[in-house]
Amino acid sequence: MQNKLIPSFGRRKARKLRTQSQKAYQELLPLLQLDSPQKLFDQASSDVWLEIGFGGGEHFCEQLEQNPSISMIGCEPFMNGVAHLLLLLAPEDYERVRIWHEDVRHLFGIIPSSYFSRVFILFPDPWPKKRHQRRRLITSEFINILQQKLKNSALLHIASDDSAYVEQIQAILYHHPHFVLLEGPPSADPLTWSSRPKDWPTSRYEQKALNQGKKCAYMVFQKCEISK
Ligand SMILES: C[S@@+](CC[C@H](N)C(=O)[O-])C[C@H]1O[C@@H](n2cnc3c(N)ncnc32)[C@H](O)[C@@H]1O
């Protein structure tokens, strides 16, 4: 992936952190931060999952709780989101959590091939205005690199409430030679979208969208080694 990236996220920080969040950010983040390849999990000892853009970390924590044998890497450049996750985490889970507090596209440089067994990209920033669409994270180039980091049969979960972005995702992934669609609507028309799969925890952005009466598209792809 090119070195000079078009930013796919809006901001790195918002309001000033409260005392507790500031303390977690200053003291706990250095322990959990993935800042060198030596701090990567050994994938032979557990399944490693990745959440890209975890926001406030609600879905991330729920997955840790539901899946006690896995390890998770969370990527989020937004400081307030990282501080929020740090406060949510249970101390007994620290060992199986790493935080990449940067653009995920820079993480790929230190990740070996066939590393992750599950990846979540939930409600990536939709960038609906035409002039901003080049900032969308999910492009063919991005998926081709991500694909190399997935184990054979790994799952890729994607959700969005933006029909134009869903159309772009479907165009890239529904006929991708390295992915099979396991779940997902037949089109980008929200009328064809159905509800969230039962074992799929909610996220903050999703709740906001649903409260505004929007529909969401939920898609699950499986990596297949051999081109279809
Ligand atoms: C619309 S929010 C959704 C947050 C969360 N997934 C949810 O559903 O509540 C998108 C998040 O993706 C993060 N993001 C955008 N581009 C990213 C990138 N290149 N690497 C990692 N995170 C990114 C943003 O900072 C933001 O927190």
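Me: How many residues has the largest nonpolar core, and which have the most contacts inside it?

Reply: This is a predicted model, where local features need pLDDT of at least 70, side-chain atom pairs count only at pLDDT 80 or more, and totals for chains, interfaces and linings use all residues. Residues are numbered from 1 along each chain as its sequence is written. The largest nonpolar core has 48 residues, and Ile 52, Ile 73, Phe 116, Val 119 and Leu 156 have the most contacts inside it. Such a core is a set of buried Ala, Val, Leu, Ile, Met, Phe, Trp, Tyr and Cys residues joined through C-beta atoms within 7 Å. Buried means 20 or more other C-beta atoms within 10 Å of a residue's own, exposed means 12 or fewer, and partly exposed is in between; C-beta atoms are placed from the backbone.

Me: What is Ile 73 in contact with?

Reply: Leaving aside neighbours within four places in sequence, Ile 73 is in contact (C-beta atoms, placed from the backbone, within 7 Å) with Leu 34, Val 48, Leu 50, Arg 98 and Trp 100.

Me: And His 101, where does that lie?

Reply: His 101 is in the loop between strand E3 (97–100) and helix H5. Helices (H or I, at least four residues) and strands (E, at least two) are DSSP runs, numbered from the N terminus. His 101 counts as partly exposed because it has 19 C-beta neighbours inside 10 Å. Not counting residues up to four places away in sequence, His 101 touches Leu 29, Gln 33, Glu 76, Pro 77 and Val 82.

Me: Switching to helix H3, which residues are buried there?

Reply: In H3 (residues 58–66), the buried ones are His 59, Phe 60, Cys 61, Gln 63 and Leu 64. Their cover includes strands E1 (48–52), E2 (71–75) and E4 (116–122), along with helix H4.

Me: What about the ligand, which residues come nearest?

Reply: Phe 9, Gly 53, Gly 55, Ser 203 and Tyr 205 come nearest, out of 23 residues around the ligand. Near means that a C-beta atom, placed from the backbone, lies within 6 Å of the molecule or strand in question. Helices H5 (104–107) and H8 (204–211) are the elements that give two or more residues to this shell. H8 has the largest share, 3 residues.

Me: How does that shell divide into nonpolar, polar and charged?

Reply: It has 12 nonpolar, 5 polar and 6 charged residues. Ala, Val, Leu, Ile, Met, Phe, Trp, Tyr, Cys and Pro count as nonpolar, Asp, Glu, Lys and Arg as charged, and the others, Gly among them, as polar.

Note on methods:
Two residues are in contact if their C-beta atoms, placed from the backbone, lie within 7 Å.
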